[in-house]
Amino acid sequence: MSGPRPVVLSGPSGAGKSTLLKRLMKEYEGVFGFSVSHTTRNPRPGEEDGKGLNCLPMLLGATLLPVADVLSSVSSEDYHFVTREKMQEAIDNNELIENAEFSGNMYGTSKSSIEDVQAQNLICILDVDIQGVRNIKETDLNPIYISIQPPSMEILEQRLRDRKTETEESLQKRLEAARIDMELSKEEGVFDLVIINDDLDEAYEKLKSVLIEEIQKVQDAKK
Ligand SMILES: Nc1nc2c(ncn2[C@@H]2O[C@H](COP(=O)(O)OP(=O)(O)O)[C@@H](O)[C@H]2O)c(=O)[nH]1
Ligand SMILES: Nc1ncnc2c1ncn2[C@@H]1O[C@H](COP(=O)(O)OP(=O)(O)O)[C@@H](O)[C@H]1O
C-alpha cells in the first residue's frame, strides 16, 4: 500500500484515544483520515452510521453542500453500524483486514476504509483494540503503533463512568479488557510508543511529536 505511513492507536476503552484523535484531526485538518470501522454494537447518542470518507459521495449528493462543509462535518470516531450477519458476510468475502470480538460485539477494519484514506494521500488512523494490533502485525500495512494508557485502573474507571456511555455490564467488560490490555502493552516491541494519558495537554504533545515527521511529509506534498 502506498502513501504516508498509517497510525494505529490502541489502548483500553476510556484511555482517551478518541479525545486525542479529534484534537489531532482538528489541528491538522486535511492531513489525517480516519479508517471508519464496522461494528455490531449499538450507536451511542450522537453517533451516526458511516459518516466516514466512504460515504462522502452520498453526503455530497444528498445535501449539495460544498465539499469543505461536508468534510468538516465528518466525525473522526463514528462507525459503520452493522448486524452480525453483515459483519460475517464481510469476513467471509475477505473484505476486512482484521476483525475482533470486544465486550460482546464484533469490530472490524475493512480494506476499503483504509484504501479510501490512502487514495487521498492522508495519514490513515486506525483505532483498534489489542487483538487488532496483533492481527495488523500479520499484514503488510506497516503502521506506527501507539498505545494510549490511563494513569491507573481507578482513573480509567472514573473516566468511563463520567463519560456516561456504558451500562454497568459493558463498563465491567471494558474494565476486564483494560486489565489485559494494560499488561500486554508493557510487552517489549508491541508498540513504538506508549503514552500515559494523565495530563491531556502533555499526552497530546507526545502524540504530536511522534507523528510530526509524517505530518510534515503530507504538508510538503500539498505545497
Ligand atoms: N480490532 C478492532 N478493534 C476496534 C475496531 N474499531 C474499534 N475497535 C476497538 O473496540 C473497542 C471498543 O470501541 P468502542 O465501542 O468505540 O468503545 P470506546 O473505546 O469505549 O469508545 C476499543 O478498544 C476500540 O479500539 C476495529 O475495527 N477493529
Ligand atoms: N487526560 C484526561 N484527563 C481527564 N479526562 C480525560 C482525559 N482524556 C480523556 N478524558 C475523558 O475520558 C473519557 C474517555 O475518553 P475517550 O477519548 O472517550 O476514550 P477512548 O476513545 O479511548 O475510549 C472521555 O469522557 C474524555 O473526555
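**Exercise 1.** Determine where ligand 1 sits and which elements give two or more residues to its shell.

*Solution.* Step 1: ligand 1 sits in the largest pocket. A pocket is an open set of points, on a 1 Å grid over the protein atoms alone, where a 1.4 Å probe fits, with protein on both sides within 12 Å along at least five of seven lines. A molecule sits there if more than half of its atoms lie within 2 Å of the grid points.
Step 1: the elements that give two or more residues to the shell around ligand 1 are β5 (96–102) and β6 (105–110). Helices (H or I, at least four residues) and strands (E, at least two) are DSSP runs, numbered from the N terminus.

A note on conventions is needed here. This is a predicted model, in which local features need pLDDT of at least 70 and side-chain atom pairs count only at pLDDT 80 or more, while totals for chains, interfaces and linings use all residues. Residues are numbered from 1 along each chain as its sequence is written, chains are lettered from A and ligands numbered from 1 in the order in which they are written, and side-chain values use heavy atoms, with hydrogens and water left out.

**Exercise 2.** Describe the surroundings of ligand 1 by residue, class and polar contact.

Step 1: the shell around ligand 1 has eight charged, five polar and five nonpolar residues. Here Ala, Val, Leu, Ile, Met, Phe, Trp, Tyr, Cys and Pro count as nonpolar, Asp, Glu, Lys and Arg as charged, and the others, Gly among them, as polar.
Step 2: consider the polar contacts (pairs of N or O atoms within 3.5 Å). A nitrogen atom of ligand 1 is 2.7 Å from a side-chain N or O atom of glutamate 98, and a nitrogen atom of ligand 1 is 2.8 Å from such an atom of aspartate 129. For arginine 44, a side-chain N or O atom is 2.9 Å from an oxygen atom of the ligand.
Step 3: taken alone, ligand 1 exposes 570 Å², of which the protein buries 97%. These areas come from the Shrake-Rupley method with a 1.4 Å probe.

**Exercise 3.** Describe the surroundings of ligand 2.

*Solution.* Step 1: 13 residues surround ligand 2, the closest being Gly14, Ser18, Thr19, Arg163 and Asn197.
Step 1: A polar side-chain atom of asparagine 197 is 2.8 Å from a nitrogen atom of ligand 2.
Step 2: ligand 2 taken alone exposes 560 Å², and the protein buries 75% of that.
Step 3: ligand 2 sits in the largest pocket. The elements giving two or more residues to its shell are α1 (17–27) and α7 (153–163), and α1 provides the largest share, three residues.

**Exercise 4.** Locate asparagine 94 and state its phi.

*Solution.* Step 1: asparagine 94 is found in the loop between α4 (84–92) and β5.
Step 1: the phi of asparagine 94 is near 60°, a positive value in a residue other than glycine.

How values were computed: A residue is near a molecule or strand if one of its heavy atoms lies within 4 Å of it. A polar contact is a pair of N or O atoms within 3.5 Å; within protein, one must be able to donate a hydrogen and the other to accept it, and residues adjacent in sequence count only if both atoms are side-chain atoms. On a 1 Å grid over the protein atoms alone, a cavity is a set of points where a 1.4 Å probe fits but cannot get out, and a pocket is an open set with protein on both sides within 12 Å along at least five of seven lines; lining residues have an atom within 4 Å of a point.
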